[in-house]
Amino acid sequence: MKAEEVIIDAVIEASRKLPFDAVKALEKAYEEEEGNSKVVLKAILDNLSISKSLEIPLCQDTGMMWCWAEIGRNARVDIVKLEKLIETSLAKAFKKGLFRTSVVRDAMGERSNTGDNLPPVINYSLTSGSDITLHFLLKGFGSENCSSLTMLNPTAGREGVIEAVVDTMKRAGAKPCPPVFIGVGVGGTMDRAAVMSKEAFFKRGKETDLEREIKERINKLNIGPGGMGGKNSSLGVFVKEEPTHIAGLPVAVTVNCWAERKAEVVLLGGYDGD
Amino acid sequence: METKLFLPSQNWSHIHSGDIVYVSGKLYVARDQAHKLLVSEIKEKGETPFPFEGNAVYYMGPSPTKEGMAIGSSGPTTSRRMDEFSPFLISKGLKIMIGKGPRSEKVVEAVKEYGGLYLQAFGGCGALYASRTLSSRTLLYPFLGPEAVLELEVKDFPTICIIDSRGEVFKP
Ligand code: SF4
């Protein structure tokens, strides 16, 4: 299959289906909850099967597309063609997959719709190896509006980081369609922390102690599915960390709804036009 | 408690905060920009552009419609952003609201004063609501694209009552 088709399929599938781990977490939460919280989770699980069978987006907010191109240092790459590949594939996926056109230009003025859900936000970075990995987040804004950035004192430590995340969810309450998934970026500069808080959703490996502790603290807030209260306010926390300055401790939090829609495409050997 | 609401309606005092409410009938769809325009239009002309009394507004902006269906994915959007406009619209007769998430104190007060109703639809469940929508047509402001005002006919829309007509707010 051509790279373009693979991207189109992956992005459309992400709008209709959640990752395996997210579905498992939702099913487990359904078993644990009762009353109205259980009713909400039942609707969420029903919704997943309806979107699959009707072949329409599971949520009408198909989001602003966030893309992260991780380029292997030994990959063949024509960066102009790579950018074009991403943009044309997304444009086609949005049309074919019936994505909502949720992007406006002139953000603080007229706010006129761009009409094609473009442009995406694209980040490029280098990594080891000879492949290019494209990561996509369909980022809904009910949850994005609850995201935060805090420049902590350098001595605030682990507890300070945990509190910054928990406070973010305290303020968010039922707005971001809980139970939520949370990405946390710790360190770097202010902007780097923010980008890491999205890269974190593509982390591999087991949940760390810090991630579990943050999740448990959020779950004590009793926000619950749809804000109905209960044990499950957060279904997963992903933390990414990098070195920072002696004078600071940046903490960025990306709040993602239960509809944690993401896709990954690996271009083996890189991409120079075919 | 589980209960039903048929719209338009003249009486919803049987609904209590915390109840599961299945909504059927007519819904008017409006979100951010449409609220802004509705308020300025009413202030200018002195009349409402569609009948408010007994009707409900649904905070939503759908994804495009698939062939053969009435509407695309169509779950609720965050109600909070409509808070600054709602008390005015409630005072003009649009007393039933469907959206997601909590409301401001001012909205709670307006619901209590005018005997309104705020229902929460299930956030993110756009496909589910699409499957329960029988028809849809654009009523106002088509130039707003996914933010235009629509008129829907729906069946058994699942919601939870967050603020009832007595001003009681559901707390987990
Ligand atoms: S917060 Fe997420 S699940 Fe909720 S409406 Fe927005 S995109 Fe959909």
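**Exercise 1.** In chain A of this predicted model, what share of the contacts with a separation of 6 or more is accounted for by residues 24 or more positions apart?

*Solution.* Take the contacts in chain A with a separation of 6 or more; residues 24 or more positions apart account for 81% of them. For chain B, 63% of the contacts between residues at least 6 apart in sequence join residues at least 24 apart.

**Exercise 2.** Compare the radius of gyration of chain A with the value from the globule rule.

*Solution.* Start with the elements: chain A has eight helices and 12 strands. For its 274 residues the globule rule gives 19 Å, and the radius of gyration is 19 Å, so chain A is as compact as a globular protein of that length. Along the principal axes, the C-alpha atoms fill a box of roughly 50 × 50 × 45 Å. Buried residues make up 54% of the 274 residues of chain A.

**Exercise 3.** Describe the fold pattern of chain B along the sequence, and test its radius of gyration against a compact globule.

*Solution.* Chain B contains four helices and seven strands. Their order along the sequence is β-β-α-β-α-β-α-β-α-β-β. A compact globule of 172 residues would have a radius of gyration near 16 Å, and the 15 Å of chain B agrees with this. The C-alpha trace spans about 40 × 40 × 25 Å along its principal axes. Of the 172 residues in chain B, 61% are buried.

**Exercise 4.** Are the rings of W66(A) and F202(A) stacked or edge-to-face?

*Solution.* Over all chains, the structure holds 10 aromatic pairs. In the pair W66(A) and F202(A), the ring centres are 6.4 Å apart and the planes lie at 15°. Ring centres within 6.5 Å make a pair, and planes under 30 degrees apart count as stacked, so W66(A) and F202(A) form a stacked pair. The pair links distant parts of the chain, its members being 136 residues apart. W66(A) sits in strand 1 (residues 64-72) of chain A, and F202(A) in the loop between helix 7 (190-199) and helix 8 (209-219).

Next, apply the burial cut-off of under 20% relative accessible area. W66(A) has 7% and is buried; F202(A), at 8%, is buried as well. W66(A) and F202(A) also belong to one aromatic cluster with W68(A).

**Exercise 5.** State how many positive and negative side chains each chain has, and how far apart the centres of the two sets lie.

*Solution.* Chain A has 36 positive and 38 negative side chains, with the centres of the two sets 2 Å apart. Chain B has 20 positive and 19 negative side chains, and the centres of these sets lie 2 Å apart.

Key. Residues numbered from 1 in each chain as written. Chains lettered and ligands numbered in written order. Predicted model: local features only at pLDDT ≥ 70, side-chain atom pairs only at ≥ 80, totals over all residues. Heavy atoms only, no water. Helix = DSSP H or I, 4+ residues; strand = E, 2+ residues; numbered from the N terminus. Rg over C-alpha atoms; globule rule 2.2 N^0.38 Å. Buried < 20%, exposed > 50% of the residue type's maximum accessible area, 1.4 Å probe, protein only. Contact = heavy atoms within 4.5 Å. Lys, Arg positive; Asp, Glu negative; His and termini not counted. Charge placed at Lys NZ, Arg CZ, Asp CG, Glu CD. Phe/Tyr/Trp six-rings, centres within 6.5 Å; stacked < 30°, edge-to-face > 60°.
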